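Student: I'm new to this structure and would like a close look at a single part. Could you walk me through it?

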Amino acid sequence: MKAAALKGSRTMEIVDLPDADPGPGMVKLHVAFCGICGSDMHEYESENPPRALGLMQPVMGHEFSGEIVAVGEGVSGIEVGQHAVGNPGPGCGSCRYCTAGRENLCRSGAVGGIGYLLAGAYAEYVTMPVRSVVVLPEGADLRACALTEPLAVARHALIQGGYRPDELLVVAGAGPIGLLTVIAARLMGGTRIVVSEPLPGRRAAAEAIEASHVVEPGKLVETVFGLSEGNGADISVDASGLPVGVASCVDATARGGRVVLAGVGEQPYSLDILRSIINEYTYIGVLGYTRQEFSDTAMMIARGEVDVSPVISEVVPVEGTPDAFSRLSDGRDSLCKILVSPDA
């Protein structure tokens, strides 16, 4: 089967991989769509991507949907022909975190890890543990359902942050996670959502999904304080992964407010401890989503309760994956979420 493999810094190649049957407890999916994630872009742009050093397998892709084509020995309750999405990190199911419903904190990297330890879905087929499978209702839009994973990330950030729909929310960054955070907040009933984004194309995207206010970063604090009688936002979410994004969230957050750290970056971050103490800020780090949150998100999209289509920029074939990564790296203003599809 054809797959796109990361071979080195900014080097992705189309390779042929064996098309094997699933082993015991595994399920094989014909990929319909797989989203290009910001974390994959982060590896692609790294000077020393772990995959090129042999620390992980080379085929990325963990935001995917498709049709089940084979099941391994011992798999029950899942049938060939059903449509599904895959939870890339479902946890081991038995550790202290999994039994508490916090599978995103499971230490067992050997279970799941689709697109990381296990070959991902920038390919014609992907094989995953049965625990990863979320079967979709008949008629579900597989193109939209491919965004289950990033929408689950956005929902988890708001849930962990204790977001309430009457609160003033700031979102720093209007990339895919930032935009999906706006969509998730509106799904939860929120209407007071301020987005900060330097790129005009992405500001336009935030306006299209009805963020209440969309501003350049330099105007964020002025706008937020004007909307809150000089107090600041109740909660802010950094979806940029950049030090400037985190700093802008802190600047725009009210005393006693919460700052949710949802973006991922490798730059050093500075934190003014005294200021944080005086203002009693709460910093909340978030990682992925729970298994229940992932399943709930899949059903919300499949039932048409939420529209994620504005976040999708285009669909490319597997052979177009290297070019898509290159274009995203060169400029993300006009591009948001690119989906890879073997059937494109």
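Tutor: Met188 is partly exposed, with a relative accessible area of 33% (buried means under 20%, exposed over 50%, and partly exposed in between, with a 1.4 Å probe and protein chains only). This is a predicted model, where local features need pLDDT of at least 70 and side-chain atom pairs count only at pLDDT 80 or more, while totals for chains, interfaces and linings use all residues. Residues are numbered from 1 along each chain as its sequence is written, and side-chain values use heavy atoms, leaving out hydrogens and water.

You will find Met188 in the loop between helix H5 (176-187) and strand E9 (193-196); helices (H or I, at least four residues) and strands (E, at least two) are DSSP runs, numbered from the N terminus. Together with Ile159 and Leu187, Met188 forms a nonpolar patch on the surface, with about 210 Å² of accessible area in total. Patch members have over 30% relative accessible area and no salt bridge, with nonpolar side chains (Val, Leu, Ile, Met, Phe, Trp, Tyr) joined within 5 Å and like charges within 9 Å. A salt bridge is a side-chain nitrogen of Lys or Arg within 4 Å of a carboxyl oxygen of Asp or Glu, and the areas come from the Shrake-Rupley method with a 1.4 Å probe, only the protein chains shown counting as cover for residues.

Strand E8 (residues 169-172) runs parallel to E9, joined to it by 4 bridges; strands pair if DSSP finds at least two bridges between them. Val171 has Val195 in E9 as its bridge partner.
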